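Open the model in your viewer and keep the sequence panel beside it. The stops below say what to select and what is there.

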Amino acid sequence: MGKTGFEALSRREREVLRAVSRGLSTPEIAHELGLSENTVNGYANAAKQKVGAPNRRHAAYMLSAHEAAQSIPQELRYQNQRIASAPETDAVPVSHWVEEERATFAPFEPMAEDPVERGAKPDPLRTTMLIALITMAIVILLLALRPLADSAAAVANSIDPITFE
């Protein structure tokens, strides 16, 4: 029976995905590993298919998460099972721990496109309403400034001046 998922990744495929997770571009990865750009792309595509990721960034993320989980010592990973048998603890039941061990990644969903980037025209009604709202706010502000200035002048005039003898 053949290997599947992360066990099926070759050393080079892992190296390429780790470089992708560090944010390197294909030419940078090629230079760092001493490979051609086509070879880097080949390794990335093969790794992406083996782990079932929609793109290389998602595959790199999945590998990072897998390696982080594998770095936890075995005795700590299954510590919950030993604790769960003690009746006086509030430990998470073993079934939840096993469920966590079988966790899978949801398919990557790219963010929706921004309508401005697609070249869509803004809604004219919204634009008109926004202009009217801003104009009304400016008018209200200007109308409120005159009484505010008059009040400030009246307060200033009511204060007795200081005289020095």
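Buried means under 20% relative accessible area, exposed means over 50%, and partly exposed lies in between, with a 1.4 Å probe and protein chains only. Which residues of α2 are buried? They are Thr26, Ile29, Ala30 and Leu33. Turn the view to look down the axis of α2: these buried residues fall within an arc of 100 degrees, so they line one face of the helix. The arc is taken from the directions that run from the helix axis to the C-beta atoms. Now step just past α2 to glycine 34, which has a positive phi of about 70 degrees.

The model is predicted: local features need pLDDT of at least 70, side-chain atom pairs count only at pLDDT 80 or more, and totals for chains, interfaces and linings use all residues. Residues are numbered from 1 along each chain as its sequence is written, and side-chain values use heavy atoms, with hydrogens and water left out.

Zoom out to the whole chain. Of its 165 residues, 16% count as buried. The accessible surface is about 13,100 Å², and 60% of that belongs to carbon and sulfur atoms. These areas come from the Shrake-Rupley method with a 1.4 Å probe; for residues, only the protein chains shown count as cover. A contact means heavy atoms within 4.5 Å. Among contacts between residues at least 6 apart in sequence, 48% join residues at least 24 apart.

Next, select α1 and α4 together. Two packed helices are described by the angle between their axes and the distance between the axes. For α1 and α4, the axes come within 8 Å and cross at roughly 100 degrees. The two helices are therefore roughly perpendicular to each other. On the α1 side the contact is made by Arg14, Leu17, Arg18, Val20 and Ser21; on the α4 side, by Arg56, Arg57, Ala59, Ala60, Leu63, Ser64 and Glu67. Axes are lines fitted to C-alpha atoms, for helices over the stretch in contact, and angles run from 0 to 180 degrees between N-to-C directions. Angles under 35 degrees count as roughly parallel, over 145 as roughly antiparallel, 65 to 115 as roughly perpendicular and the rest as oblique.

The axes of α1 and α3 come within 9 Å and cross at roughly 95 degrees. This pair is therefore roughly perpendicular too. Its contact involves Arg12, Glu13, Val16 and Leu17 of α1 with Val40, Tyr43, Ala44, Ala46, Ala47 and Lys50 of α3.

Stay in α3 and pick alanine 47. Is alanine 47 buried or exposed? Its relative accessibility is 0%, so alanine 47 counts as buried. Leaving aside neighbours within four places in sequence, alanine 47 is in contact with Leu9, Glu13 and Leu17. Between alanine 47 and arginine 12 there are 9.5 Å from C-alpha to C-alpha, and the two are 35 residues apart in sequence.

Last, show the charged side chains. A salt bridge is a side-chain nitrogen of Lys or Arg within 4 Å of a carboxyl oxygen of Asp or Glu, and by this rule there are 7. Start with glutamate 67 and arginine 14, whose closest N and O atoms are 3.5 Å apart. Glutamate 67 is in helix α4 (residues 56-70) and arginine 14 in helix α1 (residues 11-21), 53 residues away. Arginine 14, at 19% relative accessibility, counts as buried, whereas glutamate 67, at 25%, counts as partly exposed. Glutamate 67 also meets arginine 18 in a salt bridge of 2.6 Å, N to O. Then select glutamate 32, which forms a salt bridge with arginine 22 at 2.6 Å. Finish at Arg11, Arg12 and Glu15, which are linked in a network of salt bridges.

Conventions:
Helices (H or I, at least four residues) and strands (E, at least two) are DSSP runs, numbered from the N terminus.
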